[in-house]
Amino acid sequence: MTSDPIHIIGGGLAGSEASWQIASAGIPVVLHEMRPVRGTEAHKTDGLAELVCSNSFRSDDAQANAVGLLHAEMRLANSLIMACADANQVPAGGALAVDRDGFSQAVTAKLEAHPLITIEREELGGLPPEAWDQVIVATGPLTAPGLASAIQTETGADALAFFDAIAPIVHYDTIDMNKAWFQSRYDKVGPGGTGKDYINCPMDKDQYYAFVQALIDGGKTEFKDWEGTPYFDGCLPIEVMAERGVETLRHGPMKPMGLTNAHDPLTKAYAVVQLRQDNALGTLYNMVGFQTKLKHAEQVRIFRMIPGLENADFARLGGLHRNTYLNSPTLLDHSLQLKSRPGLRFAGQITGCEGYVESSAIGLLAGRFAAAERQGETPSVPPYTTAFGALLGHITGGHIVSDDEPGKRSFQPMNVNFGLFPPVEAPKTAGKRLRGKDKIVAKRHAITSRAIADCREWLGLPPLPVVEEVAEAAE
Ligand SMILES: Cc1cc2nc3c(=O)[nH]c(=O)nc-3n(C[C@H](O)[C@H](O)[C@H](O)COP(=O)(O)OP(=O)(O)OC[C@H]3O[C@@H](n4cnc5c(N)ncnc54)[C@H](O)[C@@H]3O)c2cc1C
């Protein structure tokens, strides 16, 4: 094993966690952070792991919430970010919220004090020199332009996006298939399809007109000054299309042509909302063409007006933001390494996860993978049944690419959610099948118990007695 350091570019959430994991494995690290030499549009301080907006790490419920589960797995894996978050917690009900300055100062102090970590305050203006054989790029959604364009040159023009235009994603098992039906437009089978690849939700004329009006009236979020208005062809927010004329959506993403309502074949729908399978497991469906700047609560209210989606549970809501991220399923291998340049890994939001916790978790994994390689071992990838593995799977392989939109990038950033996990059978009580909410709760508990057990095994920790597993992991 050489004593050369592993270089980390970017001292945000992911870069800080990756540095900690590598140094904890006894390997030297050089962490290059450009602040305060050069700032970003959102960061305000020169602290490492600065939280740029909310101070919340979201739910801390490891038994019934996917991000709470990720917290628990990170704690098991000696996460610096979770230790500093726990130490700087402020009251927030079931959520884990932190004193943002105290949190960032704690991370900075820990990294500065570690004898194996050197912090260089400098911008990396291009790709790292070849002499650095192990590098992790964790420069986040606001990666400085010089490095971003160098990454683009290395990976290809289409491989790096600068905005995310996200359509909402729905949990399949919350779609009412007594109203919706499976069918591809004109029953087209296409290269990899079956002719029944889309879920279709029909609207009559009154429903459609009410829906268009709700989109126009709904509360919207504004672009920040520095974001500009990044509307590109084929990517207009749905409410902007609605404002262009009441019939516009019927000739765009909501066109009814080539579709026959399987529940009512003689009545032609006036408009149809289509959902397309989003992950290999078939547990998530995205609303085709529904990228939006509507406020989140408004999206839930308005999209539940769609027949078949009255009880929809959204794995993620739509958005349009400045965000630099890679087309990771194509570019990265399972250990987050650039296929075209081994030794160069990516971590954090630039890989296509979203949020403080997810970015830190991917930093944790990238750090462990790089450390393993430096020690001459093959990186051990977490099982897909864990929150770590489910998130990694979304980034590096689980996402479906649509055959009928060739050339169009469809990989979009995502928070961790239960739709990314392999399904489980809901346990029965007293031999009876559970229904409704009880069934959802039981399934979530089964997924989180399985995840904690598998995560412990992956980390080489002893198993816990079955009943106490989750409670103890959440402590
Ligand atoms: C405006 C805005 C608001 C957000 N609000 C939230 C929110 O409320 N909740 C949430 O969970 N997530 C939010 N996010 C997403 C959040 O930024 C990320 O989830 C998280 O910070 C990503 O972690 P990261 O480590 O990948 O990137 P960052 O935390 O952004 O860290 C990247 C670091 O790299 C440095 N850097 C960039 N380029 C270079 C370079 N060339 N050389 C050296 N250093 C460089 C930057 O200075 C920065 O410190 C928001 C993002 C933005 C842009």
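Q: Is Gln 274 buried or exposed?
A: Keep in mind that this is a predicted model, where local features need pLDDT of at least 70, side-chain atom pairs count only at pLDDT 80 or more, and totals for chains, interfaces and linings use all residues. Residues are numbered from 1 along each chain as its sequence is written, and side-chain values use heavy atoms, with hydrogens and water left out. Buried means under 20% relative accessible area, exposed over 50%, partly exposed in between (1.4 Å probe, protein chains only). Gln 274 has a relative accessible area of 6%, so Gln 274 is buried.

Q: Which side chain makes a polar contact of 3.2 Å with the side chain of Gln 274?
A: A polar contact is a pair of N or O atoms within 3.5 Å; within protein, one must be able to donate a hydrogen and the other to accept it, and residues adjacent in sequence count only if both atoms are side-chain atoms. At 3.2 Å, the partner of Gln 274 is Arg 185.

Q: How far is a polar side-chain atom of Glu 33 from an oxygen atom of the ligand?
A: Glu 33 is among the residues that come nearest to the ligand, along with Ala 14, Arg 35, Gln 349 and Tyr 356. Here, near means a heavy atom within 4 Å. For that polar side-chain atom of Glu 33, the distance to the ligand oxygen is 2.6 Å.

Q: Which residue has a backbone N or O atom 2.8 Å from an oxygen atom of the ligand?
A: Gly 355 also puts a polar backbone atom by a ligand oxygen, at 3.0 Å. The residue at 2.8 Å is Tyr 356.
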